[in-house]
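This report covers selected local features of a single chain. The sequence and the structure are shown first.

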Amino acid sequence: MTKPVPSPNLIVILGDQLSPDIAALQAGDPQQDIVLMAEVRSETDYVPHHKKKIAFIFSAMRHFAETLRQRSWTVDYVALDAKSNCGSLTSEIERAAAEHGCDRIYCTEPGEWRLRNAFEQLAKHMTFEILEDDRFLCNQEDFDTWWKGRRQPRMEHFYRKMRRKTGLLMDGDKPVGGRWNFDSDNRKPPKPGITFPEPQRFNPDTITQNVIELVDNCFPHNFGRLKPFWFGVTQQDAQAALDHFVTVALPDFGDYQDAMVQHSPFLFHALISLYLNVGLLDPRDVCVRAEAAYREGSVPLNAAEGFIRQIIGWREYIRGLYWQEMPSYVDRNIFCHTSPLPTFYWTGETELACLNICIKQTHDEAYTHHIQRLMVTGNFAMLAGIEPKAVHKWYLAVYADAFEWVELPNTLGMSQHADGGLLGSKPYAASGNYINRMSDYCGSCRYNVKEKTGPNACPLNYLYWDFFDRNRDTLGGNPRLTQVYRTWDRMESIRKVTVREDAKSFLRTLS
């Protein structure tokens, strides 16, 4: 008697799950199961994503599908412009399951709550198994255990736990160099005449060129410059970008990671977060590579430690916080900020040179580094009282490495302090003096960073004090802000009045 042929399983692979060893693929059998990958409008349109971001993800998906086919997988790949495209991931899953006769569906846990929720709804009427995403170094259960019972679950304490767990930069049970954190060594302003290496760039192959044409045709009005397109789109590309960074940029990364230079948008930064976040690089492998460079003597400790901290500390902590606090986290707004996002966040047309430079760089590259995001675009939005959710949606849309699990806590928590201090102990607020110290932006600005009030004063100077004044009920008891409020209280009454009036007048121009 002939044995019945088992029904194939459907393996769903999302655009940020481009890892050959991801859990859903491990659960399947390439000899009989079907992989579904789909480019759908529901994912391109929930925020108006940067053209380069869409092109990067679609091209990386198409290259990954080819890799799977070479490994004997049958891939049902749905292009955005396919006539049969259903337009949403859930509809494509239902279509593919019916078309291929799949009784069971496997998917690795999505990185965004809205998709996790959508898949859980599907699981109510389909055999749909959502598997843990084990590409992270700390699973959610371990993070939740660490988080619970802590009055202030700060990243620094979590980072030390992860150093011990991974053994990275450890001498036995002690940190290499006798310190856990070398951040104080990593805040040097740019020196005149310093030169910065270019990141690794890749020429578009035929697949990528086809994707660029698709994006050009289907998203003509989306934010951003599509060409030149130079992101890597395969594991081999991502590894080459990592190797280039470790060799030519990591040795100086630590010293200047907070610096900002007008005509050098990349400085010594890695530009690998987009590859990490879609699965083309493994976080542990990346950290081991950086540690090896330190132990070989080619990279100083402050650079290796600062880089590794961003991955096993900050990246893992942010992801754990996201799942711990969602779905309510997205609505946090401790300062009750309600102003709309200024139009110049989309055009760059503003007389503030720092914002003009960073937004136009975002438009051209789908990238700015963390200090440009935190202390320029983010700082201004917080001081100006912009609605945090609007800021969040902008960051999610415009950066190639932005996925909600990593972007949302960084924006609402760190950048906007909208969670009331859950993530950070105080707001990252700065006047023009910080921008002037850490960048060369102010020299080309129409405003004078040295003036504190008046029509020619840098708006960040009076917006800074106005922000703390109007939020005193919320922030006045914060021990880390005692000196800020002492300084404000010592100011002459006439200057306080001028600060408030200048801020009010400037903010009216935004609307």
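## Strand pairing and local backbone features

In this predicted model, strand E4 (residues 104-108) pairs with strand E5 (residues 127-131) in the parallel sense, over 5 bridges. Within this pairing, Thr108 stands opposite Leu131 in E5.

Helix H6 (residues 140-147) packs against helix H13 (residues 301-325): their axes come within 10 Å and cross at roughly 80 degrees. H6 is therefore roughly perpendicular to H13. On the H6 side the contact is made by Gln140, Phe143, Asp144, Trp146 and Trp147, and on the H13 side by Tyr317, Arg319, Gly320, Leu321, Trp323, Gln324 and Glu325. The residues of this contact divide into 6 nonpolar, 3 polar and 3 charged.

One runs from Lys227 to Pro228, with omega near 0 degrees, and Pro228 is found in the loop between helix H8 (206-218) and helix H9 (235-248). The other runs from Met326 to Pro327, with omega near 10 degrees; Pro327 is found in the loop between H13 and helix H14 (344-347).

| Residue | Phi | Loop | Relative accessibility |
|---|---|---|---|
| His417 | about 55 degrees | between H18 and H19 | 4% |

With a relative accessibility of 19%, Ser431 counts as buried, because the cut-off for buried is under 20%. Leaving aside neighbours within four places in sequence, Ser431 is in contact with Leu460, Asn461 and Tyr464.

Asn356 lies in helix H15 (residues 353-365). Which residues does Asn356 touch, not counting those up to four places away in sequence? They are Gly348 and Thr350. From C-alpha to C-alpha, Asn356 and Tyr345 are 8.7 Å apart in space, and they are 11 residues apart in sequence.

Key:
Residues numbered from 1 in each chain as written. Predicted model: local features only at pLDDT ≥ 70, side-chain atom pairs only at ≥ 80, totals over all residues. Heavy atoms only, no water. Helix = DSSP H or I, 4+ residues; strand = E, 2+ residues; numbered from the N terminus. Contact = heavy atoms within 4.5 Å. Buried < 20%, exposed > 50% of the residue type's maximum accessible area, 1.4 Å probe, protein only. Axes fitted to C-alpha atoms, helices over the stretch in contact; angles between N-to-C directions. Parallel < 35°, antiparallel > 145°, perpendicular 65-115°, else oblique. Nonpolar A, V, L, I, M, F, W, Y, C, P; charged D, E, K, R; others polar. Pairing = 2+ DSSP bridges.
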